[in-house]
Amino acid sequence: MERTLSIIKPDAVKNNYIGKIVARFEEEGLRIAGMRKVHLSKREAEGFYAVHAGRPFFGELTDFMSSGPCVVMILEGDNAILRNREIMGATNPAEAAEGTIRKLYAASIGENAVHGSDAPETAAVEISYFFRATEIN
Ligand code: ADP
Ligand code: MG
């Protein structure tokens with residue numbers, strides 16, 4: 001059993017896709033072990049994406065992630081990290097496989113509907129960035 005952090009990003013929240021995206025994870029057999037709607041400050045977005053601080057798109061990314069509310073979730077299931085990445089699709093929606101969340105609901109490489117942790121170590125750090133123990137159940 002594995003846990004991963006998922007974020008429904010501000011573009012998808014604005015476009016009213018919360019329900020469709022949550023339903024998709026549940027249909028795929030992932031369980032929602034934690035969930036909250038948050039509007040990140042610019043500083044909170046910078047903290048979350050600190051690993052990308054040197055990248056040219058860092059300013060754009062953190063502006064976007066603080067532009068409106070997100071839904072932060074913990075997905076739980078067998079192989080949850082990799083399975084979530086598969087369900088999300090490629091970072092660039094133009095390259096995402098048919099039927100993936102990014103193919104269905106995202107418009108651009110920057111505004112790409114969802115985030116998912118990429119490894120056990122980052123999943124643990126990212127989950128603890130948003131959730132305390134009593135909120136995970
Ligand atoms: P992923 O979200 O698929 O793990 P990365 O970790 O590489 O992708 O990048 C984090 C986020 O930064 C992406 O989801 C996207 O929102 C943004 N991003 C990545 N590459 C670019 C880019 N070339 N231009 C603009 N935004 C980008
Ligand atoms: Mg990533």
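The largest pocket of this predicted model holds about 650 Å³ of space, where a pocket is an open set of points on a 1 Å grid over the protein atoms alone, each fitting a 1.4 Å probe, with protein on both sides within 12 Å along at least five of seven lines, and the volume is the space filled by probe spheres set on the points. Of its 27 lining residues, those closest to the centre are Tyr49, His52, Phe57, Leu61 and His115, lining residues being those with an atom within 4 Å of a point. Two or more residues each come from helix H3 (42-48), helix H4 (58-65), strand S4 (114-116) and helix H7 (120-130), and H7 gives the most, with four; helices (H or I, at least four residues) and strands (E, at least two) are DSSP runs.

Ligand 1 sits in this largest pocket, in the sense that more than half of its atoms lie within 2 Å of the grid points. The residues surrounding ligand 1, each with a heavy atom within 4 Å of the molecule, include Lys9, His52, Phe57, Glu60 and Leu61.

Oxygen atoms of ligand 1 lie 2.8 Å from a polar side-chain atom of Arg85, 3.1 Å from a side-chain N or O atom of Arg102 and 2.9 Å from a polar backbone atom of Gly110, polar contacts being pairs of N or O atoms within 3.5 Å. The protein covers 79% of the 530 Å² of accessible area that ligand 1 has on its own, by the Shrake-Rupley method with a 1.4 Å probe.

Residues are numbered from 1 along each chain as its sequence is written, and ligands from 1 in the order in which they are written. Local features need pLDDT of at least 70, and side-chain values use heavy atoms.

Notes: Predicted model: local features only at pLDDT ≥ 70, side-chain atom pairs only at ≥ 80, totals over all residues. Polar contact = N/O pair within 3.5 Å; in protein donor to acceptor, adjacent residues only side chain to side chain.
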